[in-house]
Amino acid sequence: SAGYPISVTSLKPLIHRVIDALVTIAVGVSAAYAVGALFVWLWAPTPTPENSSPPPEAFLFLFGALIGFFAVLLARRLLVPIWLRRRHRLG
(Lines give C-alpha, C1' and ligand atoms only; values in the text may rest on other atoms or scores of the structure.)
Protein backbone atom coordinates (compact mmCIF):
# COMPACT_ATOMS: atom_id res chain seq x y z
CA SER A 1 0.00 0.00 0.00
CA ALA A 2 2.77 2.53 -0.94
CA GLY A 3 1.95 5.00 1.81
CA TYR A 4 -1.70 5.50 0.84
CA PRO A 5 -4.05 5.52 3.83
CA ILE A 6 -6.87 3.79 1.90
CA SER A 7 -6.20 0.84 -0.35
CA VAL A 8 -7.83 0.41 -3.74
CA THR A 9 -9.45 -2.86 -2.64
CA SER A 10 -11.29 -1.08 0.17
CA LEU A 11 -12.66 1.46 -2.33
CA LYS A 12 -14.16 -1.22 -4.62
CA PRO A 13 -17.39 -1.67 -2.63
CA LEU A 14 -17.79 2.11 -2.41
CA ILE A 15 -17.26 2.49 -6.15
CA HIS A 16 -19.81 -0.26 -6.83
CA ARG A 17 -22.35 1.46 -4.56
CA VAL A 18 -21.80 4.81 -6.27
CA ILE A 19 -22.22 3.23 -9.71
CA ASP A 20 -25.35 1.41 -8.50
CA ALA A 21 -26.80 4.66 -7.15
CA LEU A 22 -26.04 6.54 -10.38
CA VAL A 23 -27.60 3.81 -12.52
CA THR A 24 -30.67 3.70 -10.26
CA ILE A 25 -31.09 7.47 -10.50
CA ALA A 26 -30.60 7.43 -14.28
CA VAL A 27 -33.20 4.68 -14.71
CA GLY A 28 -35.51 6.50 -12.29
CA VAL A 29 -35.27 9.77 -14.21
CA SER A 30 -35.85 7.94 -17.51
CA ALA A 31 -38.89 6.14 -16.12
CA ALA A 32 -40.16 9.40 -14.63
CA TYR A 33 -39.98 11.12 -18.01
CA ALA A 34 -41.59 8.16 -19.79
CA VAL A 35 -44.49 7.80 -17.34
CA GLY A 36 -45.01 11.56 -17.24
CA ALA A 37 -45.12 11.73 -21.04
CA LEU A 38 -47.48 8.74 -21.12
CA PHE A 39 -49.87 10.43 -18.68
CA VAL A 40 -49.88 13.59 -20.78
CA TRP A 41 -50.42 11.60 -23.97
CA LEU A 42 -53.28 9.60 -22.43
CA TRP A 43 -55.21 12.22 -20.47
CA ALA A 44 -54.23 15.80 -21.36
CA PRO A 45 -56.95 17.69 -23.17
CA THR A 46 -56.22 19.24 -26.53
CA PRO A 47 -54.97 22.77 -25.84
CA THR A 48 -57.38 25.56 -26.73
CA PRO A 49 -57.35 29.25 -25.80
CA GLU A 50 -59.96 28.52 -23.12
CA ASN A 51 -58.00 25.86 -21.24
CA SER A 52 -54.42 26.99 -21.77
CA SER A 53 -53.88 28.51 -18.31
CA PRO A 54 -52.91 26.72 -16.11
CA PRO A 55 -51.78 23.88 -18.34
CA PRO A 56 -53.33 20.67 -17.04
CA GLU A 57 -50.66 18.60 -18.76
CA ALA A 58 -48.03 20.05 -16.42
CA PHE A 59 -49.76 18.48 -13.43
CA LEU A 60 -50.25 15.20 -15.30
CA PHE A 61 -46.57 15.13 -16.22
CA LEU A 62 -45.46 15.88 -12.65
CA PHE A 63 -47.78 13.23 -11.20
CA GLY A 64 -46.62 10.62 -13.72
CA ALA A 65 -42.97 11.53 -13.19
CA LEU A 66 -43.27 11.12 -9.43
CA ILE A 67 -44.97 7.75 -9.84
CA GLY A 68 -42.33 6.57 -12.32
CA PHE A 69 -39.37 7.70 -10.23
CA PHE A 70 -40.64 6.24 -6.98
CA ALA A 71 -41.62 2.98 -8.70
CA VAL A 72 -38.00 2.54 -9.81
CA LEU A 73 -36.70 3.33 -6.32
CA LEU A 74 -39.17 0.92 -4.77
CA ALA A 75 -38.27 -1.81 -7.23
CA ARG A 76 -34.57 -1.27 -6.58
CA ARG A 77 -34.93 -1.36 -2.80
CA LEU A 78 -37.40 -4.27 -2.59
CA LEU A 79 -37.40 -6.43 -5.70
CA VAL A 80 -33.70 -6.56 -6.57
CA PRO A 81 -32.59 -7.91 -3.15
CA ILE A 82 -35.34 -10.54 -3.28
CA TRP A 83 -34.30 -11.53 -6.80
CA LEU A 84 -30.63 -11.73 -5.81
CA ARG A 85 -31.41 -13.85 -2.75
CA ARG A 86 -33.51 -16.22 -4.83
CA ARG A 87 -30.85 -16.41 -7.54
CA HIS A 88 -28.18 -17.10 -4.94
CA ARG A 89 -30.26 -19.89 -3.44
CA LEU A 90 -30.82 -21.52 -6.84
CA GLY A 91 -27.17 -21.22 -7.93
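**Exercise 1. Is Phe39 buried, partly exposed or exposed, and what is its relative accessible area?**

Before the solution, a word on the model. This is a predicted model, where local features need pLDDT of at least 70, side-chain atom pairs count only at pLDDT 80 or more, and totals for chains, interfaces and linings use all residues. Residues are numbered from 1 along each chain as its sequence is written, and side-chain values use heavy atoms, with hydrogens and water left out.

*Solution.* 
- Step 1: get the cut-offs. Buried means under 20% relative accessible area, exposed means over 50%, and partly exposed is in between (1.4 Å probe, protein chains only).
- Step 2: look up the value. Phe39 has a relative accessible area of 13%, so Phe39 is buried.
- Step 3: zoom out. Of the 91 residues in the protein, 11% are buried.

**Exercise 2. Work out which helices hold the aromatic pairs Tyr33–Phe61 and Phe39–Phe63, and describe each pair.**

*Solution.* 
- Step 1: set up the helices. The protein has two helices and zero strands; helices (H or I, at least four residues) and strands (E, at least two) are DSSP runs, numbered from the N terminus.
- Step 2: know the pairing rule. Rings of Phe, Tyr and Trp (its six-membered ring) pair if their centres lie within 6.5 Å; planes under 30 degrees apart count as stacked, over 60 as edge-to-face and the rest as tilted. By this rule there are four aromatic pairs.
- Step 3: take one of them. Tyr33 and Phe61 are edge-to-face, with 5.6 Å centre to centre and 70° between the planes. Tyr33 sits in helix 1 and Phe61 in helix 2, 28 residues apart, and the pair links distant parts of the chain.
- Step 4: check the cover. Tyr33 is exposed at 57%, while Phe61 is partly exposed at 30%.
- Step 5: now the other pair. Phe39 and Phe63 are tilted, at 6.0 Å centre to centre and 45° between the planes. Phe39 lies in helix 1 and Phe63 in helix 2, so this pair ties together parts 24 residues apart in sequence.
- Step 6: Phe39, Trp43 and Phe63 form one aromatic cluster.

**Exercise 3. Find the salt bridge and say which residues form it.**

*Solution.* 
- Step 1: recall the rule. A salt bridge is a side-chain nitrogen of Lys or Arg within 4 Å of a carboxyl oxygen of Asp or Glu.
- Step 2: search. The whole structure gives one salt bridge.
- Step 3: name the partners. Asp20 pairs with Arg76, and their closest N and O atoms are 2.6 Å apart. Asp20 is in helix 1 and Arg76 in helix 2 (residues 56–90), 56 residues apart, so to speak of the pair is to speak of a link between distant parts of the chain.
- Step 4: check the cover. Asp20 is partly exposed at 32%, and Arg76 is partly exposed at 26%.

**Exercise 4. Name the residues that Thr24 touches, leaving aside its neighbours within four places in sequence.**

*Solution.* 
- Step 1: Thr24 lies in helix 1 and counts as buried at 11% relative accessibility.
- Step 2: list the contacts (heavy atoms within 4.5 Å). Thr24 is in contact with Val72, Leu73 and Arg76.
- Step 3: look at the whole protein. Among contacts with a separation of 6 or more, 74% are between residues 24 or more positions apart.

**Exercise 5. Which residues make the nonpolar surface patch?**

*Solution.* 
- Step 1: learn the rule. Patches are made of residues with over 30% relative accessible area and no salt bridge: like charges are joined within 9 Å, nonpolar side chains (Val, Leu, Ile, Met, Phe, Trp, Tyr) within 5 Å.
- Step 2: read off the members. Leu11, Leu14, Ile15, Val18, Ile19, Leu22, Val23 and Val27 make a patch of about 690 Å².
- Step 3: check one member. Leu11 lies in helix 1 (residues 8–43) and is partly exposed at 33%.

Note on methods
Areas by Shrake-Rupley, 256 points an atom, 1.4 Å probe, with all protein chains shown as cover.
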